[in-house]
Amino acid sequence: MSDLPGRRPPPIPETTPTLRDQLDNLAHLGRLIAQIWRTSKGLTTASIVLRLLAAVQPVAVLYAAKLIVDEVVRLTAITPPGPTILDWFNAGALNGMIGFLALELALVLANDLVARVTGLVDSVLSELHSNQVSVELMEHAARLDLQHFESAEYQDRLERARRQAAGRNALLSQIFGQAQDIITVFTLAAGLFFYAPWLILLLPLSFIPSVWGEARFNSLAYMLSRWRTPERRELEYLRHIGASAETAKEVKLFGLGGYLVTRFKKLAHQIFIENRRVATLRASWGALFSAIASLAYYAAYGYIVWRTITGAFTLGDLAFLSGSFLRLNGLFQRILLGFTQIAGQSMYLDDLFSFFQIEPTVLAPADAKPFPAPIRSGIVFDNVGFKYPETNTWVVRNLSFVLPAGETLALVGENGAGKTTIVKLLTRLYDPSEGRITIDEVDLKDMAPVDIHTHVGVIFQDFIRYSFSARDNIGVGRIEAREDQTRIDTAAEQSLADGVIAKLPKGYDQQLGRLFRQGRDLSGGEWQKVAIARAYMRDAELIILDEPTAALDAKAEAEVFARFKSLAAGKSAVIISHRFSTVRMADRILVLDNGAILEAGTHEQLVALKGRYAELFELQAAGYR
Ligand SMILES: Nc1ncnc2c1ncn2[C@@H]1O[C@H](COP(=O)(O)OP(=O)(O)OP(=O)(O)O)[C@@H](O)[C@H]1O
């Protein structure tokens with residue numbers, strides 16, 4: 001298992017965050033509350049008001065109970081007005097008692113109602129908030145660079161942020177619940193302080209150890225979960241390839257099921273062992289600390305009982321004080337644990353908000369120049385060099401070539417020669433590490449990426465097979481024109497997708513892919529025709545096809561390219577293909593080797609040169625003879 005990607009050697013982190021880190025993390029709570037407020041001001045206000053009502057309820061109920069007990073004691077001491085309850089009632093002796101009972105009943109009923117409405121408001125608010133976070137997450141992800149998605153570290157961060165988007169709902173109730181408990185503590189403590197001030201001193205004894213323990217275990221659990229993000233992603237990945245429609249064919253035929261399960265089990269077991277260790281430690285220490293808390297409570301209880309026996313307190317006082325103390329003890333613990341839990345949760349919030357802090361680096365300059373449409377002179381690569389972020393290898397270096405306006409350029413080269421990378425640079429998905437790329441003398445870096453993307457139609461070899469309708473699969477090529485049927489028809493005709501769609505039972509309305517019911521899967525070549533139609537949806541000045549025809553049959557490919565050539569007339573185009581029947585149609589061919597240009601020229605020139613191109617062409621041609 002040492003070959004697994006993203007494996008990190010120490011299973012449990014040595015260092016846990018300092019108090020300062022935890023306090024810094026608490027700052028995220030402000031952002032969270034602002035986010036909740038943004039989600040719904042009305043519901044947030046309702047939740048706060050309801051909790052204020054609930055906060056004063058416990059002291060009121062305890063006080064009503066004290067009044068009842070004292071009234072019972074008083075009534076047992078008076079001369080009975082008669083043998084039946086009616087005699088008592090008619091004499092008015094029960095008036096006080098009935099009032100107190102009615103008060104307590106009203107308080108309890110009101111409390112139940114408030115608790116239910118609060119639960120309702122919180123659950124609605126939570127769901128809205130969770131949706132809001134997901135939307136903000138998707139919006140932010142859409143702003144990020146391709147490099148962020150191609151880097152393992154960012155994927156980890158994205159994964160952690162995504163988990164937070166769905167998993168922090170309880171935090172909302174917890175924060176508001178915390179505020180409610182604090183108010184309750186103040187009301188209860190005021191009563192307790194009135195009778196026996198020094199009892200309050202006993203309380204810290206019960207909660208300090210627990211707080212310390214909780215803080216420590218929260219940090220440990222968080223560090224563990226953070227540390228294990230790559231493994232969790234791997235588990236997710238294994239689960240996905242082990243049980244998904246796309247992979248089922250290969251997994252079955254290669255008999256990979258057992259292997260995947262074993263690999264999953266082994267990894268899941270390691271994580272399970274670590275989590276169990278932390279959970280066991282937490283449970284053992286927790287048991288000890290709550291025993292200390294109970295001791296403190298019974299010490300106070302004993303004192304109050306003694307004072308009642310000696311007549312200093314009434315029986316009602318005893319009920320009130322012991323009830324208050326019990327609740328206070330519980331509340332103190334809950335609040336302090338709540339704080340550490342919230343602090344613990346806010347560490348996870350850091351994952352969410354730090355994802356929002358990642359800023360795109362491929363930016364539009366302040367005074368962006370417009371994309372030159374139409375392109376008049378051409379595209380120039382001027383001594384371009386590029387390394388992927390966090391790597392030290394030059395994928396392309398000293399690359400200089402010209403793509404004159406209106407011409408078709410083919411890129412040829414072995415796997416890994418850098419062809420797709422050149423397309424990524426040309427579309428400003430990445431900026432070159434050195435040198436520059438210009439279109440009609442305007443540096444790509446001086447244009448806004450969105451403007452570039454609007455004028456370029458590109459289909460990559462790993463294009464997406466959207467589980468959308470056939471219409472939307474083409475429409476996404478120009479999302480604002482997805483209802484424009486004429487445009488979609490034309491694009492489909494140009495890419496030969498029209499034939500594919502004509503065969504579908506529901507035509508353009510046919511759901512494609514296997515993900516949803518009534519979805520219809522297409523063959524590899526059919527998907528490609530649909531994908532190529534997307535490139536034709538754009539008003540592109542530059543069309544790039546990065547090996548999208550690999551799955552087309554020879555006849556279809558020849559036809560696609562014949563149309564491509566006529567369409568690309570007057571437009572600039574780049575094609576990447578391993579098929580020389582396609583490549584030879586280009587006006588100019590660049591043969592790449594290790595990110596550098598080995599040969600350049602027309603098909604005829606390159607064949608005459610008798611170099612690498614001629615050799616590869618011969619090799620492929622021989623295969624057909
Ligand atoms: N996101 C990335 N991060 C780091 N290295 C990368 C990344 N993408 C590609 N590379 C590396 O850059 C080199 C060039 O890759 P590129 O995809 O441009 O090759 P290609 O010529 O298009 O290959 P193919 O014909 O197989 O599609 C490869 O060695 C590859 O490993």
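Guide: Helices are DSSP runs (H or I, at least four residues), strands are runs of E with at least two, and both are numbered from the N terminus. What you see above is a predicted model, so-called local features need pLDDT of at least 70, side-chain atom pairs count only at pLDDT 80 or more, and totals for chains, interfaces and linings use all residues. Residue numbers start from 1 along each chain as its sequence is written.

Visitor: Let's start with the ligand. Which helix gives the largest share of the shell around the ligand?

Guide: A residue is near a molecule if its C-beta atom, placed from the backbone, lies within 6 Å of it. Here helix H13 (residues 419-426) supplies the largest share of that shell, three residues. The ligand is surrounded by Gly 413, Asn 415, Gly 416, Ala 417, Gly 418, Lys 419, Thr 420 and Thr 421, together with Glu 150, Tyr 388, Thr 391 and Val 395.

Visitor: How do the residues of that shell divide into nonpolar, polar and charged?

Guide: There are three nonpolar, seven polar and two charged residues around the ligand. The classes are nonpolar (Ala, Val, Leu, Ile, Met, Phe, Trp, Tyr, Cys and Pro), charged (Asp, Glu, Lys and Arg) and polar (the others, Gly among them).

Visitor: Now burial. Is Val 59 buried or exposed?

Guide: We count other C-beta atoms, placed from the backbone, within 10 Å of the residue's own: 20 or more is buried, 12 or fewer exposed, and in between partly exposed. Val 59, which sits in helix H2, has 23 such neighbours and therefore counts as buried. Leaving aside residues up to four places away in sequence, Val 59 touches Thr 187, Leu 188 and Gly 191, where contact means C-beta atoms, placed from the backbone, within 7 Å.

Visitor: And how does Leu 220 count?

Guide: Leu 220, in helix H8 (residues 199-227), is partly exposed because 19 other C-beta atoms lie within 10 Å. From Leu 220 to Asn 275 is 55 residues in sequence and 9.8 Å in space, C-alpha to C-alpha. Just after H10, Gly 255 has a positive phi of about 60°.

Visitor: Where should I begin with helix packing?

Guide: Two packed helices are described by the angle between their axes and the distance between the axes. Axes are lines fitted to C-alpha atoms over the stretch in contact, with angles from 0 to 180 degrees between N-to-C directions. The axes of H2 (residues 41-77) and H4 (residues 95-143) come within 8 Å and cross at roughly 160°. H2 and H4 are therefore roughly antiparallel, given these cut-offs: under 35 degrees roughly parallel, over 145 roughly antiparallel, 65 to 115 roughly perpendicular, the rest oblique. Their contact has 24 nonpolar, six polar and four charged residues.

Visitor: At what angle do the axes of H16 and H18 cross?

Guide: Roughly 125°, with the axes of H16 (residues 485-495) and H18 (residues 524-537) within 8 Å, so H16 and H18 are oblique to each other. On the H16 side the contact involves Arg 487, Ala 491, Ala 492, Gln 494 and Ser 495, and on the H18 side Lys 529, Ile 532, Ala 533, Tyr 536 and Met 537. Six of these residues are nonpolar, two polar and two charged.

Terms used. Two residues are in contact if their C-beta atoms, placed from the backbone, lie within 7 Å.
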